[in-house]
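The sequence and structure are shown first.

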Amino acid sequence: MGQVQGKAALVTGAASGIGAACARALAKAGAAVMLTDLDDARGEALAAELRQSGATAHYLHQDVTDEPRWIEVVAACEAQLGKLDVLVSNAGIGIIVPLVEMPLAEWRRQMAVNVDGVFLSVKHSAAAMRRAGGGSMVLISSVAGLRGSAGLAGYSASKGAVRLFAKSAALELAADRIRVNSVHPGIIATPIWDKLPANPLSGRNAPIDPKEMAAGVPLGFPAAAADIADGVVFLASDASHYMTGSELVIDGGMTAG
Ligand code: NAD
């Protein structure tokens with residue numbers, strides 16, 4: 001899996017789904033982890049679970065759209081973990097709605113979490129990584145950042161922005177030995193789907209089942225969050241030391257055709 005032993009990693013949106021799986025996988029592979037989220041009960045519980053299994057793990061409340069909080073969170077990483085080597089910028093939300101019905105406030109809310117949050121994560125982690133002599137930033141985009149998606153126009157726009165922001169940041173930060181890559185999951189069985197009440201484009205008022213959604217994926221099934229975490233640990237590790245500005249697509253073949 002690569003070497004993350006001794007590295008210090010910050011994972012946003014770490015209380016659930018892909019972020020929780022990344023925190024678990026990084027801790028298991030030997031990294032010290034700082035978990036942040038809005039959901040304090042689940043975030044604290046996961047940090048406690050990781051500490052019980054012998055890892056160094058802490059949890060902090062963080063809204064990724066709050067810039068002053070970013071300064072405190074990065075300072076806490078350096079104070080409590082000693083440094084910051086790895087950022088997994090994962091916190092994100094998805095809103096499914098026909099674009100002509102999307103209220104501007106909802107568009108802006110999605111952009112704030114998915115784009116502003118990622119921008120702030122990179123902006124404020126960069127100085128700490130410079131002090132650490134380099135680092136790896138892994139920005140969680142989506143297959144929706146590689147191609148259009150009906151009903152997910154705002155989400156696609158936000159995830160496409162993350163993709164090109166990662167490449168631009170990779171160019172700007174390469175001289176500091178800070179690598180920046182994006183990850184593009186396909187359909188992953190996580191609670192994000194439960195938060196979408198129904199797909200207004202499907203013509204029926206039923207919650208979205210990731211298994212049903214994944215029936216059309218070439219491999220025929222949704223990924224587990226741990227499948228994405230495996231890719232994230234690789235990008236965090238020295239095994240990917242020559243990769244920056246790259247896109248790691250983990251989608252069961254969704255975008256192959
Ligand atoms: P999830 O809903 O299970 O977890 C997201 C976490 O982010 C939650 O714990 C939530 O509290 C947190 N969060 C939301 N807004 C936040 C904010 N403003 N500040 C801090 N934390 C916040 O979702 P997931 O499926 O694990 O998604 C994680 C990432 O993966 C997202 O960026 C999502 O867009 C992306 N993704 C998911 C899928 C999928 O199929 N599940 C596919 C492609 C990409």
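In the shell around the ligand, α1 and α4 (104-132) each supply at least two residues, where helices are DSSP runs (H or I, at least four residues) numbered from the N terminus. The largest share, three residues, comes from α1. Of the 30 residues around the ligand, G13, G17, G92, T190 and I192 come nearest; a residue is near if its C-beta atom, placed from the backbone, lies within 6 Å of the molecule.

The model is predicted: local features need pLDDT of at least 70 and side-chain atom pairs count only at pLDDT 80 or more, while totals for chains, interfaces and linings use all residues. Residues are numbered from 1 along each chain as its sequence is written.

Helix α3 (residues 67-81) and α4 have axes that come within 10 Å and cross at roughly 35 degrees, with axes fitted to C-alpha atoms over the stretch in contact and angles running from 0 to 180 degrees between N-to-C directions. On the α3 side the contact is made by E67, W70, I71, V74, C77 and E78, and on the α4 side by L120, H124, S125 and A128.

A27 lies in helix α1 (residues 17-28). A27 counts as buried because 25 C-beta neighbours lie inside 10 Å, the cut-off being 20 or more within 10 Å.

Terms used:
A residue is buried if 20 or more other C-beta atoms lie within 10 Å of its own, exposed if 12 or fewer, and partly exposed in between; C-beta atoms are placed from the backbone. Two residues are in contact if their C-beta atoms, placed from the backbone, lie within 7 Å.
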